Amino acid sequence: MTEDSTERNVQIVLKTDSYVIINKPFDMYINSNDESIQATVAKLLSKKLPDLVDESISFGFRFVNRLDYATSGLLCIALSKSAANKARKLFQANHVTKKYVALVRGIINREDGDILVKKAIGSDLRDPRGFRMCISDGNQHFCQSPKEAETRIQVLGYGKYDGENVTKVILRPITGRRHQLRVHCSMLGHCIVGDYTYSNRIDTKPYRMMLHSYSLKIPFQNEPNIEVTISDPFQSDIDPLLQLENN
C-alpha cells in the first residue's frame with residue numbers, strides 16, 4: 001500500500017478568520033529549502049489557498065505546531081503574526097490538548113490502566129546526523145540538554161499487523177518535545193509500527209509509520225476555542241495487513 005507524493009494533497013479541516021487547521025499526509029515535509037522536493041505542505045497549501053500566502057515570511061505560512069515527516073494529522077496555521085503568537089504561547093504553556101492514535105509493537109496490558117511516562121528527552125550525540133532523540137536517565141552522557149517530557153498512554157485494543165501482535169493506543173503528549181511520542185513508546189519496548197528510526201532501522205515493511213494526530217483543542221480566552229477531531233486511519237478496511245480484534 002503506497003501513495004505517490006506528487007498526487008497527494010492537504011485537507012482543509014477548519015478555517016476561521018485567524019487560523020486554518022489542516023490534515024497533513026504522512027511522509028510529507030511541512031516545508032523545505034530543497035527545491036527538488038515538490039510536495040510539501042507549504043507548497044500544496046499555497047496552491048489551495050493562494051490568497052492566504054504571506055510573501056513576507058519564509059514558505060508563506062505561519063505553522064503554529066509541527067509534525068514529523070512520517071506523522072500524519074492535524075496542523076494549525078495562523079493567518080497573522082498576532083494569531084501565531086497567541087496560539088504558540090498556549091502550545092508552549094502546555095494548555096493545548098493533543099491526541100494521537102497509534103499502533104505499537106507488542107501487547108500493552110490494559111488492566112494496568114493508563115500509563116503515564118515521565119522521562120526527560122534530549123538530543124542523542126551518538127547520531128552524527130543530529131536527528132535522533134534519547135531518554136536521559138542521569139548517567140547517559142550522550143543525551144544532550146534533556147528537557148522534561150510527559151506522555152499519557154491509553155490502550156484502545158489489540159490486533160495483528162502482518163501477523164505480528166500490535167496494540168492500538170491513544171497517545172496524549174502533555175509536553176511537546178521533538179520525537180516525544182516515538183521515544184517514549186520505544187523506551188517502553190513498544191516501538192510505533194513502521195518507525196524506522198527508533199526500531200534501529202529494522203521496521204521497514206509497513207507502508208508508513210502508524211502515528212496520526214487526530215484531535216486538537218486550543219483554548220483561547222477571548223475568542224471561540226478550536227476543537228477538531230478527524231478520523232482514525234488505522235482500520236482493517238483501509239490496510240489489509242491490519243487485523244483488529246473486537247475489543
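Leaving aside its neighbours within four places in sequence, which residues is Asn 94 in contact with? The first legend has the reply.

**View 1. Asn 94 sits in the loop between H2 and E5.** Its contacts (heavy atoms within 4.5 Å), once neighbours within four places in sequence are set aside, are Ile 174, Thr 175 and Gly 176. The C-alpha atoms of Asn 94 and Thr 175 are 5.9 Å apart, although 81 residues separate the two along the chain. Asn 94 is partly exposed, at 34% relative accessible area (buried is under 20%, exposed over 50%, partly exposed in between, with a 1.4 Å probe and protein chains only). A word on the source: this is a predicted model, where local features need pLDDT of at least 70, side-chain atom pairs count only at pLDDT 80 or more, and totals for chains, interfaces and linings use all residues. Numbering starts from 1 along each chain as its sequence is written, and side-chain values use heavy atoms, with hydrogens and water left out.

**View 2. Helix H1 spans residues 41-48.** Helices (H or I, at least four residues) and strands (E, at least two) are DSSP runs, numbered from the N terminus. The buried residues of H1 are Val 41, Ala 42, Leu 44 and Leu 45. They cover an arc of only 165° around the axis, so they end up on the same side of H1 (the arc takes directions from the helix axis to the C-beta atoms). These buried residues pack against E1 (11-15), E2 (19-24), E3 (62-63) and E4 (72-78).

**View 3. Strand E7 (residues 121-124) pairs with E8 and with E9.** Pairing here takes at least two DSSP bridges between two strands. E7 and E8 (residues 133-135) run antiparallel, joined by 3 bridges, and Ile 121 has Ile 135 as its bridge partner in E8. With E9 (residues 143-147), E7 also pairs in the antiparallel sense, over 3 bridges; here Ser 123 is partnered by Gln 144.

**View 4. The largest pocket holds about 1200 Å³ of space.** A pocket is an open set of points on a 1 Å grid over the protein atoms alone, with protein on both sides within 12 Å along at least five of seven lines; lining residues have an atom within 4 Å of a point. Volume is the space filled by probe spheres set on the points, which are joined across faces, edges and corners. Of the 43 lining residues, Arg 66, Leu 67, Asp 68, Arg 178 and His 179 lie nearest the centre. H2 (81-92), E5 (97-105), E7, E9 and H3 (180-187) each supply at least two lining residues.

How values were computed. On a 1 Å grid over the protein atoms alone, a cavity is a set of points where a 1.4 Å probe fits but cannot get out, and a pocket is an open set with protein on both sides within 12 Å along at least five of seven lines; lining residues have an atom within 4 Å of a point.
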